[in-house]
Amino acid sequence: MRKELLFNQNWLFVDRKVPISTEDDQFQPIDLPHSNKLFKHHNIDNQAYQFVSTYRKHFEIQKPGDGSQVVLQFDGVMLACEVFLNKVEVYQHKGGFIGFEIDLTNSILEGHNTLDVYVDSNERKDIPPFGHLVDYLTYGGIYRDVWLKILPYQHVRNVFVQPRQVLIDPFLEIKLELHTFEAGYQVRTRLLDAEFNLLVEKNTALANARQTVILKDLPAIHVWDVDDPYLYTLETILLVGEQEMDRVSSRFGFREAEFRKEGGFFLNGEHLKLTGLNRHQTYPYIGAAAPARLQRQDADTIKYELGCNVVRTSHYPQSPHFLNRCDEIGLLVFEEIAGWQHIGDEDWKQLVLDELQAMIERDYNHPSIILWGVRVNESPDDDTFYTRTNALAHQLDPVRQTGGVRCFLGSHFLEDVYTYNDFSNTVVEPPHKPYLITEYAGHMFPAKVWDGEDRLIEHALLHTKIQNLQRGHPDISGAIGWCAFDYGTHIEFGSGDRICYHGVMDIFRLPKWAAYFYQSQISPKDKPVLKAVTHWTMGDRSGGGNNPLTVFSNCDEVEVIIGEINVGKFKPDAENYPHLQHPPFVIYGLNEFSAWGQRRFYDLRLVGYLDGKPVIEQNISSNKLPKKMLLKTSTAELLADGSDMAQISFFITDEFDNPLPYARNIIHFELDGEGQIIGENPFPMMGGQGAVYLKAGKVPGVITITARTPELGEQKITLKVINAA
């Protein structure tokens, strides 16, 4: 039977290319995922990760004598690599955003084996996305998981589960690909519900190594939806006679997703306006080498904290852990090929085609994915090339539609959906249908958490404006903003510290005020939201004062209280934002109660009401002096696998827990337990908030992290570390 073993632990690393005969004592022990270099959270020099490094792993294996296949699977190596087993080269790979497999069956030795991997992390012009300027960093290393697979000689290579006629008379069209084929093969397909109860079972005699199986007469199905992401499992069992040779489980969902030619996106026959953000896969300190927990938390943040229903994987295929979580929580995905504005020569194009095929074959069972991106982001027209990419996507997946992200309206329309980066700061009239806005805001109005109040408000209201306009336009399927999180970039882009401050959250996934707009569109049934976009000072805005006061909330009314003065209750600004489910509150006249020259400046208190009842409140201090240091952990529990990480966020706040953007405290961290702090220690505070990572060791127990700053004392957080399954 097949075995799939996570192969992440107990590697060796050296930050240069060394002869394959080099002794182990020249290496340092590491676990995967791994970045070839750690960084500060800003001022990142992309030259620092551009080198060839060497990874090594020793392992013991019993060489199979029954014809089984030994396969090594890399989920992501940046950017190219050469793989040696027992000092003999067995594979070369170009491309950092999709995985690859190596058949080691004829190369492994009985007992001890040594794997050496030379990883070239230079930004090579012959490999996408490079060839010209690129507005993001790729970092380097073996930055995703590695797997060792023992596969029976007769095994299933691929299973493509296609739900058909979901809303009429549903059935499954299952496309199978086998590693070998002989007469007498059968396949047993078993449909399991979310609790793994058997619903339908069918045996089919196979005629060749590629075959389609139809599974009909299904019981009443439970559709996968953004609000109810119900997942089924298909078990595919390969039989030779009555003997089971292989078994593969494929998770999928019954859903029908369509961008219609008359305009609009429909999920399971229901019109759904798409509201989303773009996501880069990179993080502070660790580059792209984030373990499963952090990948999954990004999906949770976009769905639950920001209230989005779609994400675009800009500008490359992303982690299987991220996509799996999107399936589980009902976050729709537009996944696209690697690149940025540049098209290379024919060899370069072939790498794009190869990666497109690998992306689709890896990801086509994800119900969250609704659109394949088959055009290099913002590249010029190349009809011959993009006819090939579009045709390949339709050949591999005849169900999903294709899009091609462009930045000029005269671009030739070869795909199913016209996807366009609209940086007009309004909304242009769609030149074609179906039509989807794939970027807006972003570089048109970057914002830092410590920027002045005027800029932060304008940044938030730009996102508010675009979403209001797109929701009011029947021919626009939706809008995906640029972008969710700040990210590192090259010297030709970004701010002076080489960070693109384009996110509605900072690089630590902590909110700017624009994030509060997205939060306010969450249904109050899920959680009430009330966030004033103000520092509540007399001198942060041009001209002084706090007029008007903008509040993002999903409440019916907001009550404003200044000191002991009840200013009154206010309604949302539906006149200027008529298409939003929950328009912002724009409240004028407060300078009467908080103006220059008054003897005292009072605290602000806001109360949100639903159906006439108070459900949430926010208090903001007028004092603005640092009163607290707060610590938060993204999880209370870690796995003792040497790779798992928690984000430890810290804030300098007023007495009501509001971060103070001008706090300049220095935070020192101490660790008690088996683990490692990843990040700047001490941390020089900017913007009143920041974060480091806590990386687990391999010993179960507890880890306590202590944060200290002389002005505010210390805070502690304790995490439990449990055995990895």
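**Reading the hairpin, helices and sheet of a predicted model**

Q: Which residue takes a positive phi in the hairpin of β7 and β8?
A: In this predicted model, the hairpin of β7 and β8 has 2 residues between its strands, and asparagine 86 takes a positive phi near 55 degrees there. Asparagine 86 belongs to the loop between β7 (80-85) and β8 (88-94).

Q: Why is asparagine 86 called neither buried nor exposed?
A: The relative accessible area of asparagine 86 is 22%, whereas buried means under 20% and exposed means over 50%. The value falls in between, and asparagine 86 therefore counts as partly exposed.

Q: How do you know that β7 and β8 are paired?
A: Two strands pair if at least two bridges are found between them, and 6 bridges join β7 to β8, which run antiparallel. Within this pairing, alanine 80 stands opposite lysine 94 in β8.

Q: Which way do β7 and β10 run when they pair?
A: β7 and β10 pair in the antiparallel sense, over 6 bridges, and cysteine 81 stands opposite valine 119 in β10.

Q: Why is β7 called largely enclosed?
A: Of the 6 residues of β7, 5 are buried, so β7 is largely enclosed by the rest of the structure.

Q: Where is aspartate 611, and is it buried or exposed?
A: Aspartate 611 lies in the loop between β38 (604-610) and β39, and its phi, near 55 degrees, is a positive value in a residue other than glycine. Its relative accessibility is 72%, and because exposed means over 50%, aspartate 611 counts as exposed.

Q: Why is proline 128 called buried?
A: Proline 128 has a relative accessible area of 7%, which is under 20%, and so it counts as buried. Proline 128 is found in the loop between β10 (111-120) and β11 (141-142). Leaving aside neighbours within four places in sequence, it is in contact with Leu79, Phe97, Ala338, Trp348, Leu351 and Val352.

Q: What makes the bond from serine 314 to histidine 315 worth noting?
A: Most peptide bonds are trans. The bond from serine 314 to histidine 315 is cis, with omega near -15 degrees, and histidine 315 lies in the loop between β24 (310-313) and α2 (320-329). A cis peptide bond also joins lysine 433 and proline 434, with omega at about -5 degrees, and proline 434 is placed in the loop between β28 (418-421) and β29 (435-439).

Q: How do helices α5 and α6 pack?
A: Helix α5 (residues 453-471) and helix α6 (residues 513-520) pack at an angle of about 35 degrees, with their axes 7 Å apart, and the crossing is right-handed. Residues of α5 including Leu456, Ile457 and His463 meet residues of α6 including Trp513 and Phe517. By class, this contact has 7 nonpolar, 4 polar and 1 charged residues.

Q: What makes β36 and β39 edge strands?
A: The open sheet has 4 strands in the order β36-β35-β38-β39, with antiparallel pairing, and β36 (565-570) and β39 (613-620) each pair on one side only. Neighbouring strands of this sheet are turned by 20 degrees against each other on average, direction ignored. Strand β35 (residues 557-562) is joined to β36 by 5 bridges, and glutamate 559 stands opposite lysine 569 in β36.

Notes
Residues are numbered from 1 along each chain as its sequence is written. This is a predicted model: local features need pLDDT of at least 70, side-chain atom pairs count only at pLDDT 80 or more; totals for chains, interfaces and linings use all residues. Side-chain values use heavy atoms; hydrogens and water are left out. Axes are lines fitted to C-alpha atoms, for helices over the stretch in contact, and angles run from 0 to 180 degrees between N-to-C directions. Buried means under 20% relative accessible area, exposed over 50%, partly exposed in between (1.4 Å probe, protein chains only). Contact means heavy atoms within 4.5 Å. A crossing is left-handed if the near helix is turned anticlockwise from the far one by less than a right angle, and right-handed if clockwise. Ala, Val, Leu, Ile, Met, Phe, Trp, Tyr, Cys and Pro count as nonpolar, Asp, Glu, Lys and Arg as charged, and the others, Gly among them, as polar.
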